[in-house]
Amino acid sequence: MGAFRDVRVLAEAGLAVALAFVLGLIKVLQMPFGGSISLEMIPLILLALRRGPLVGAVSGAVYGLLNLAVEPYVVHPVQVLFDYPLAFGALGVAGFFAPTARGAVAGTVAAVLARFVCHFISGVAFFASYAPEGWNPVLYSAAYNAAYLVPSMAVALVLVVALLRALEGARPSGRRGVA
């Protein structure tokens, strides 16, 4: 947790969580049993790319807990872990990729897939009873979660790459890599 001793990192993480929270309130589509198409992932993915996987995961988990406090959808205590801190903490996976355009694409895809896995497991384990008659719970969970995460990922891909390129002209993030 030494990364959080740097005031700039702490400030950037706090701003990313706050911005994710505000962007999460603006929804293009709200799914009936949780999940939405929004821009909430963008600041968290961008933070992970700039500051690394640990800062990204911790900030994502903090955002997940904040999201839980404001808009809870709880059916089981273990489901809470998978759908909130683990799912948004998984966005820190983007931090394993270089903060370049190519790294942003790969990191965004990997981060959203990691988040999808968390929601998918929760859907199979805890939301199977919501599956329509005749639907396999595995297919239902995959389809339900993909319905909002795929469009959110498409928008995030475009905006994260654009924002990362814009930030390259600003002060260095202190973390460099090759794509």
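R8 pairs with D6 in a salt bridge, with 3.9 Å between the closest N and O atoms; the term covers a side-chain nitrogen of Lys or Arg within 4 Å of a carboxyl oxygen of Asp or Glu. Side chains of opposite charge can pair when their charged atoms come close. R8 counts as exposed because its relative accessibility is 56%, while D6, at 30%, counts as partly exposed. Here buried stands for under 20% relative accessible area, exposed for over 50%, and partly exposed for anything in between, using a 1.4 Å probe and protein chains only. This is a predicted model, so to speak, in which local features need pLDDT of at least 70 and side-chain atom pairs count only at pLDDT 80 or more, whereas totals for chains, interfaces and linings use all residues. Residues are numbered from 1 along each chain as its sequence is written, and side-chain values use heavy atoms, with hydrogens and water left out.

The structure holds five salt bridges. Another of them links R50 to E12, the closest N and O atoms being 2.6 Å apart. R50 sits in helix α2 (residues 41-51) and E12 in helix α1 (residues 7-25), so this pair ties together parts that are 38 residues apart in sequence. E12 also meets R51 in a salt bridge, at 2.8 Å from N to O. Since E12 belongs to helix α1 and R51 to helix α2, this pair ties together parts 39 residues apart in sequence. Through shared partners, E12, R50 and R51 end up in one network. R50 and E12 are both buried, and for E12 the relative accessible area comes to 18%.

Helix α2 itself is mostly covered, with 10 of its 11 residues buried. Among the buried ones are M41, I42, P43 and L44, as well as R50. What do the buried residues of α2 pack against? They pack against α1, α3 (53-70), α6 (101-126) and α7 (137-168), where contact means heavy atoms within 4.5 Å. Just after α2, G52 takes a positive phi of about 105°.

F88 gives a second look at the interior. This residue lies in helix α5 (residues 85-89) and counts as buried because its relative accessibility is 2%. Leaving aside neighbours within four places in sequence, F88 is in contact with E40, G60, A61, Y63, G64, N67, D83 and R115.

Now for the chain as a whole. Seven helices and two strands are present, running α-β-β-α-α-α-α-α-α from the N terminus on; helices (H or I, at least four residues) and strands (E, at least two) are DSSP runs, numbered from the N terminus. The chain's radius of gyration is 16 Å, which agrees with the value near 16 Å for a compact globule of 179 residues; the radius is taken over C-alpha atoms, and the globule rule is 2.2 Å times the number of residues to the power 0.38. Along the principal axes, the C-alpha atoms fill a box of roughly 55 × 30 × 25 Å. Of the 179 residues, 42% count as buried. Among contacts between residues at least 6 apart in sequence, 73% join residues at least 24 apart.
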